[in-house]
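Reader: I am new to this structure. Please show it to me, and then let me ask about it piece by piece.

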Amino acid sequence: MNMKRLRSYVVLGMVLLLSNGLFVHSGWAAEWDILSFVSEKGGDSPIILMNTDGEILQKLATDPGKPSQFTWSPSGHSIAYESWHGGNLDIYVMDVGTDEHRQLTFDGNKDRFPAWSPNGRWIAFVSERTGSANIYRMDTNGENMKQLTKQEGCRRPAWSPDSQWIAFSSEHTLYVMGAGGRQLRELAWATRFTNCSWSPDGKQIAFRSNAANGSSEVFSIDVNGKNRRQLTQSNRGEDISDPMWSPSGKWIAYILGRIPAGGAPVDQIRADGVISVIDTIDGADSKPIEATRGLPKQSLQWVPKQLLSVSPSVEKQTTLWGVLKQAEHTSK
């Protein structure tokens, strides 16, 4: 059989399997929604890729980078992350295929919370180089640094899907501004520092705040500041963090932990907690991913679809790239 024709058959077969939901037995949902998070265990700080059923699909070793907060490039070929590797908290980039690391910031102050723009042009991040935490933007090679905010206590920038807007929190307020730092507007008041994420269609933003009863919850709000909705129902004493909207729009994932009497460090709350997902389409209750309970975890992110379809670094039996390469090898 002609090699070109064989490749076409393999691709078509995979598309049919995915579109009909027949690939679920190997851990993949039709939407290709795959979670990733840092789990520092044994000192190697791997980034774990896991589906919503709790099946670990891949572990990306990142030593010696040891990231905490990280962000995927849109292609899935690179990861930008914050690390103390050089003795100061700086932003680095790792090539997923070669495991090569490059340092992007060198100013001697804390640079953290990197966020890669969906168009691939910039990395937004938080820096304390002026004495207070503000949001900056730089090219992906670390050049053309630009300060975007002049506030205090800025945290966790999040890009809109079209790369035209950045959402972030400052003190107890959620803001949106243009990618160049202009058109700043207040979007919502939150009772605590919050991280946020945009829906794939760019119409809503998910964030965490406290409900009327004091419980920590996930909320969504339209980008015009209307239609604020509470999406989760947790219990008092539970802690929710890192709400992240999936690429398909079907899920919002978050980390749910419980604060013990007398309090506990944030890392311990996260380790004892569990990653949960809520269905944003049919409004189903939260679904805990039990495989993550008791597993140290930071910086919850969804994996770009591009990585799942082309990357040679993910296990062959669970990727389209791997199926193509296996078929090609078999036919020779």
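Reader: Is Thr-173 buried or exposed?
Author: This is a predicted model. In it, Thr-173 has a relative accessible area of 11%. Buried means under 20%. So Thr-173 is buried.

Reader: Which strand holds Thr-173, and what does Thr-173 touch?
Author: Thr-173 lies in strand S14. Leave out residues up to four places away in sequence. Thr-173 then touches Phe-168, Glu-186, Ala-188, Trp-189 and Ala-190.

Reader: How many helices and strands does the protein chain have?
Author: Start with burial: of the 332 residues of the protein chain, 52% count as buried. The accessible surface is about 15100 Å², and carbon and sulfur atoms hold 50% of that. As for elements, the protein chain has 4 helices and 24 strands.

Reader: Among contacts between residues at least 6 apart in sequence, what share joins residues at least 24 apart?
Author: A contact here means heavy atoms within 4.5 Å. Among contacts between residues at least 6 apart, the share that joins residues at least 24 apart is 40%.

Reader: Which element gives the largest share of the largest nonpolar core?
Author: The largest nonpolar core has 15 residues, and those touching the most other members include Val-126, Ile-135 and Trp-159. At least two residues each come from S8, strand S9 (122–127), S12, strand S13 (165–170) and strand S14 (173–178). The largest share of this core, 3 residues, is from S9.

Reader: What is Trp-159 in contact with, beyond its neighbours within four places in sequence?
Author: Trp-159 is one of the core residues that touch the most other members. Its contacts beyond four places include Ala-115, Trp-116, Pro-118, Arg-137, Ile-166 and Trp-198.

Reader: Which residues are closest to the centre of the largest pocket?
Author: The largest pocket has a volume of about 910 Å³. Its lining counts 37 residues, and the closest to its centre are Trp-116, Pro-118, Trp-159, Met-244 and Gln-301.

Reader: How many residues of each class line the largest pocket?
Author: Several elements give two or more residues to the lining, among them strand S4 (70–72), strand S20 (238–245), strand S24 (298–302) and helix H3 (305–310). By class, the lining has 22 nonpolar, 12 polar and 3 charged residues.

Reader: Is Leu-300 buried or exposed?
Author: Leu-300 is found in strand S24. Its relative accessibility is 1%. The limit for buried is under 20%, so Leu-300 counts as buried.

Reader: What is the C-alpha to C-alpha distance between Leu-300 and Ile-48?
Author: Beyond four places in sequence, Leu-300 touches residues including Leu-35, Phe-37, Met-244 and Ile-275. Leu-300 and Ile-48 are 252 residues apart in sequence. In space, C-alpha to C-alpha, they are 9.9 Å apart.

Reader: What is the phi of Ser-163?
Author: Most residues other than glycine have a negative phi. Ser-163 is not a glycine, yet its phi is positive. Ser-163 sits in the loop between S12 and S13, and at 1% relative accessibility Ser-163 counts as buried. Its phi is about 65°.

Reader: Is Glu-171 buried, exposed or partly exposed?
Author: Glu-171 is found in the loop between S13 and S14. Its phi is positive, near 55°, in a residue other than glycine. The relative accessible area of Glu-171 is 40%.

How values were computed
Residues are numbered from 1 along each chain as its sequence is written. This is a predicted model: local features need pLDDT of at least 70, side-chain atom pairs count only at pLDDT 80 or more; totals for chains, interfaces and linings use all residues. Side-chain values use heavy atoms; hydrogens and water are left out. On a 1 Å grid over the protein atoms alone, a cavity is a set of points where a 1.4 Å probe fits but cannot get out, and a pocket is an open set with protein on both sides within 12 Å along at least five of seven lines; lining residues have an atom within 4 Å of a point. Grid points are joined across faces, edges and corners, and a volume is the space filled by probe spheres set on the points. Ala, Val, Leu, Ile, Met, Phe, Trp, Tyr, Cys and Pro count as nonpolar, Asp, Glu, Lys and Arg as charged, and the others, Gly among them, as polar. A nonpolar core is a set of buried Ala, Val, Leu, Ile, Met, Phe, Trp, Tyr and Cys residues joined through side-chain atoms within 4.5 Å. Buried means under 20% relative accessible area, exposed over 50%, partly exposed in between (1.4 Å probe, protein chains only). Accessible areas come from the Shrake-Rupley method with a 1.4 Å probe; for residues, only the protein chains shown count as cover.
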